[in-house]
Amino acid sequence: MLRYTGKGFWEQLRDSPTLLWLGPKLGLDTQQGMELIALIGTVLSLLSTLTHRLRDCRLYLCLWILYLSLYQVGQVFLYFQWDNLLLETGFLCVLVAPLYLPWGRPRGCFHDNVTLWLVRWLLFRLMFASGVVKLTSRCPTWWGLTALTYHYETQCIPTPLAWFAHQLPVWWQKLSVVTTFLIEIPVPFLFFSPIRRHRLTAFYLQILLQVLIILSGNYNFFNLLTIALCFSLLDDEHINFLLRRPAQDTHRPQSTLRKALSWACVCLEVTVYILLVYWTSLHFNLQIDWERKEVMSKTAFTYHQFMALLKDMMMPSIWIGVLSLTWEILRAMFKSACMRGILLRLWSTLQWGVMAAAAVNMFAISLVPFTFLDYDANSALWPGVKRAFEVTDRYQLANSYGLFRRMTGVGGRPEVVIEGSWDRNTWTEIEFMYKPGNMSAPPAFVTPHQPRLDWQMWFAALGPYHQSPWFSSLIYRLLQGKKDVIRLIQSDESNYPFKDHPPTYLRAHRYKYWFTEPKEDGTYPDRWWRRVYAEEFYPIVQLGDHFLENMLSQHGLKDKAAARRPSKALLPQVLASVRESVCALPGHVLTWSLAIAVAGACVLKQLLSRKHTHTHTHTHTQAHDKASEMGRESAGQQNSHPAPAHTQEKQMEEEESEEGETEEEEEEEEGEEDWRGGGDGKEDVMKTDEEQESKREKEEDEGQEEMEEKNAAADEEEEEEEGGQEEEGLEEERQEVNSDDSLRKRK
């Protein structure tokens, strides 16, 4: 709930930037306001997926404001690193997305590479920090390379494949940890390599890691969002290859110097790969045991050595970012300055200046959370940058990251099990939809949905109950029989054991869970989990219990006012109707249904677009053939009745102008189709004027050569006809001479 402090609207909006302050003006409470914001965001997202014209920076700004509004009141249920990542990515989308104007066509800008570079920098900070914090945390499982022997069964919501991954041999689990360190620490530096194949290699390694995480664990939209960030490493050529688009013929004859540079790049590329393999084998002491067919590994450096290395790496990594961003800004400036036309050059330069300034500011602000990894690097930052970060911190424009810092559940996966009873003698467990509870129930696969209550239950099991104040509120609502809370536990109320009447008493126990092992004969066990009772987590309570009342009062969770009567206004009634329809489905089923529906609509739209393009091309071909046939007929008529020279030249000019107009129409249609297809991760979004001019000149030359060939053929036909006419005239003269001779003989 929002806490109204008596301040003015703008003061409240400044202290807590959320649109929920407008709820009372619309006759909505906090819950209804959150539902309205979520519904609007969902509709806008689906529409932008279906219509390329809506993929505009203004729409992404609206989506960012909507999610920020929910983030401000979500408290612990929205304070995850992927929520911060989504907000930061959403704001970068505002800078990366185009601005569609009513009087212009969708086209790229020269500053696109500058704003897209910020996405690459965010990906670098995310992956590099995630790898570093595993070692700076001094977690013995990461340093001993045994983290994955616990990870699969102790993660929040594992998938069914996690059980099989947990059964892999220990040497393979250790080698997987080494590979994780390789992908997360040194490989991200290849994001800024000038060598194209380095960036492609880094792209596929990151995709491999994210796909494996998706298959073994339910981390909602986090891995999908990271994969989307990885596309900033690709260029147009590779995107066209992935989408099976026809590639443009850009091969040009290479000079000796260009060939030498190409071979030097290949040698440098191979050298980097060799150094990565050598660095990995040296620092993790990789050895192959040929007899046992295993790869042995262990950490061959100390904590202090790694911290010294990190201290030496921080400043060079910042300077790599500075040089890379400067290069992109200078490239964009040069392209903008080469635009033809004063007004177009001025408009392009103005856009470049605004986006370059925004990119520099975003980069500077992001250095503050990035340097949290090293105290000396953070202290060396300019104080003005730190003040700018403090001012913008409430908007989540730049965040610090570091996933899987420590491995929990080494002695067994802790789980809180809630039990209810009517008579305090017979207790029934309340089973959640997604988190482990029933030992025979298989793990669920719910990506990209995040059941946030199940996640918080996992965090609550890691400590005592007073570290999770919301748990007392959950117990209180279950004792009251609140349907909205029950649906968070079981969307199908028939699976809830107290659906007819709420329980009189509730308690909670902590258990330790482990994955089961295969049987000795190699067959699968009957259960997925085994568990052991650990301790009491929450004492037995009932409504009016003194302990429960104190816990609610201590954290301000008691109902302070009577429940509001249902509003008869139209908007609250619509929201209630939508809520009833949506809550009938589990969260992951609803998410998958929307995703499948949108994917099907996009495929259907693409097929219709291709059919329209094919029909247009066929019609254009028929029209061209008909025009060619009419041209041949008119040429034949002109040959039988030669036209004046100036008339022929005029006809040739008209034909050339018609062909030019047809080619321009085809180029416009191809451009629109390319923009329909997206273009995320482009290295150069639009062609330069020089390339367009050279293409136009080449087409004009080809058209001129074709016209010259037609004229030459027409001249040959005229000569042949004139020759035939001369032969006929000679034949007539011969016949006349012969007839004269015959008359003389008769006389």
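Guide: Let's start with accessibility: a residue is buried under 20% relative accessible area, exposed over 50%, and partly exposed in between, using a 1.4 Å probe and protein chains only. What you have above is a predicted model, where local features need pLDDT of at least 70, side-chain atom pairs count only at pLDDT 80 or more, and totals for chains, interfaces and linings use all residues. Residues are numbered from 1 along each chain as its sequence is written, and side-chain values use heavy atoms, leaving out hydrogens and water.

Visitor: Which of those classes does arginine 424 fall into?

Guide: Arginine 424 counts as partly exposed because its relative accessibility is 45%. That residue sits in the loop between β3 and β4, and its phi is near 70 degrees, a positive value in a residue other than glycine. Arginine 138, in the loop between α5 and α6 (140-143), also has a positive phi, near 60 degrees.

Visitor: Where is confidence lowest, and where is it highest?

Guide: The score to read is pLDDT, the predictor's confidence in each residue, from 0 to 100. Where it is low, the predicted coordinates should not be read in detail. The protein averages 83, with 78% of the residues scoring at least 70. Helix α24 (residues 645-676) has the lowest confidence, at a mean of 47, while strand β5 (residues 505-515) has the highest, at 96. Over residues 639-650 the pLDDT is below 50, and the model gives that stretch 7 contacts (heavy atoms within 4.5 Å) beyond near neighbours in sequence. The score also stays under 50 over residues 664-690, a stretch with 51 contacts beyond four places in sequence.

Visitor: On to packing. Which residues have the most contacts inside the largest nonpolar core?

Guide: In soluble globular proteins, nonpolar side chains tend to be buried together. A nonpolar core is a set of buried Ala, Val, Leu, Ile, Met, Phe, Trp, Tyr and Cys residues joined through side-chain atoms within 4.5 Å. The largest one has 110 residues, and those with the most contacts inside it are Trp82, Leu85, Trp121, Phe128, Phe181, Phe370 and Leu373. Helix α5 (residues 112-136) gives the most to this core, with 16 residues. There is also a second, separate core of 28 residues, including Met457, Tyr476, Leu548 and Met551.

Visitor: What does leucine 85 touch?

Guide: Setting aside residues up to four places away in sequence, leucine 85 touches Leu122, Leu126, Phe222, Leu225, Thr226, Leu229 and Tyr401.

Visitor: How many salt bridges does the structure hold?

Guide: Side chains of opposite charge can pair when their charged atoms come close. The cut-off for a salt bridge is a side-chain nitrogen of Lys or Arg within 4 Å of a carboxyl oxygen of Asp or Glu. The structure holds 21. One of them joins lysine 134 and glutamate 184 at 3.1 Å, N to O. This pair links distant parts of the chain, 50 residues apart: lysine 134 is in helix α5 and glutamate 184 in helix α9 (residues 170-184).

Visitor: Are those two partners buried or exposed?

Guide: Lysine 134 counts as buried because its relative accessibility is 1%, and glutamate 184 is buried too, at 6%.

Visitor: Which residue forms a salt bridge with lysine 435?

Guide: Glutamate 415, with the closest N and O atoms 3.0 Å apart. Lysine 435 belongs to the loop between β4 (428-430) and α18 (452-460), and glutamate 415 to strand β3 (residues 413-421). Lysine 435 is buried at 7% relative accessible area, and so is glutamate 415, at 1%. Glutamate 415 also meets arginine 413 in a salt bridge (2.8 Å, N to O).

Visitor: And where is proline 448?

Guide: Proline 448 is in the loop between β4 and α18. The peptide bond to it from threonine 447 is cis, with omega near 5 degrees.

Conventions
Helices (H or I, at least four residues) and strands (E, at least two) are DSSP runs, numbered from the N terminus.
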